Amino acid sequence: MRLGAYPCKVQPGTLAEEAYGESLVYERHRHRYEVNNAFRDQLTSAGLRISGLSPDDRLVEMVELPEDVHPWFVASQAHPEFKSRPTKPAPLFREFVRASIAHHEGIDRHDVVAE
C-alpha cells in the first residue's frame, strides 16, 4: 500500500508539466495499484504518453493522451484532491477545468483565464 506524498518526475513537453510548471512534484497516494512495466512499450506504442515517473523511473505516476486524440487527458496514480482547496485548486484540476471551458467555447485553452 502506497500512502502519503511521493515524488514524481514530470516529463518535459507534457500537459502535466504545463499544469504543474515544475519538473518534480509531490502528490499524495492511497492505493495498491501501479502500471505493469511489462506493458509500458505496448502502451506507449499505442499512443499513451508516460508523463510522470518515480525518481528511479521504475513506477509510472502519470499518463496522458496526445491532444490530437483528446483535448486534455491526464491520468494520475496520485490523489490531487487531497491537496486541492476551493481557492487554490490542484494544478491538474485547474487545467482540466480550463480545457473543458475552452473545448465548450471552441477556443484555445491557453486563452481561458482559470485563476
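Reply: First, some conventions. This is a predicted model, in which local features need pLDDT of at least 70 and side-chain atom pairs count only at pLDDT 80 or more, while totals for chains, interfaces and linings use all residues. Residues are numbered from 1 along each chain as its sequence is written, and side-chain values use heavy atoms, with hydrogens and water left out.

Me: How many salt bridges does the structure hold?

Reply: Side chains of opposite charge can pair when their charged atoms come close. A salt bridge is a side-chain nitrogen of Lys or Arg within 4 Å of a carboxyl oxygen of Asp or Glu. The structure holds six of them. One joins Arg109 and Glu18, at 2.5 Å from N to O. That pair links distant parts of the chain, 91 residues apart: Arg109 is in the segment after helix 3, and Glu18 is in helix 1 (residues 15-20). Helices here are DSSP runs of H or I with at least four residues, and strands are runs of E with at least two, numbered from the N terminus.

Me: Which residues are linked in a network of salt bridges?

Reply: Glu18, Glu67 and Arg109 are linked in this way. Glu67 and Arg109 meet at 2.9 Å, N to O. Glu67 lies in the loop between strand 4 and strand 5 (74-76) and Arg109 in the segment after helix 3, so the pair ties together parts 42 residues apart in sequence.

Me: Is Arg109 buried or exposed?

Reply: Buried means under 20% relative accessible area, exposed over 50%, and partly exposed in between (1.4 Å probe, protein chains only). Arg109 is buried because its relative accessible area is 8%. Glu67, at 46%, is partly exposed.

Me: What is the nearest side chain of opposite charge to Glu64?

Reply: For charge, Lys and Arg count as positive and Asp and Glu as negative, with His and the chain ends not counted. The nearest to Glu64 is Arg49, 4.4 Å away; Glu64 is buried yet has no salt bridge. Glu64 is placed in strand 4 (residues 60-64). A polar atom of the Glu64 side chain lies 2.9 Å from the backbone nitrogen of Leu15.

Me: Where is Ile101 placed?

Reply: Ile101 is in helix 3 (residues 91-105). With 38% relative accessibility, Ile101 counts as partly exposed.

Definitions and conventions. A polar contact is a pair of N or O atoms within 3.5 Å; within protein, one must be able to donate a hydrogen and the other to accept it, and residues adjacent in sequence count only if both atoms are side-chain atoms.
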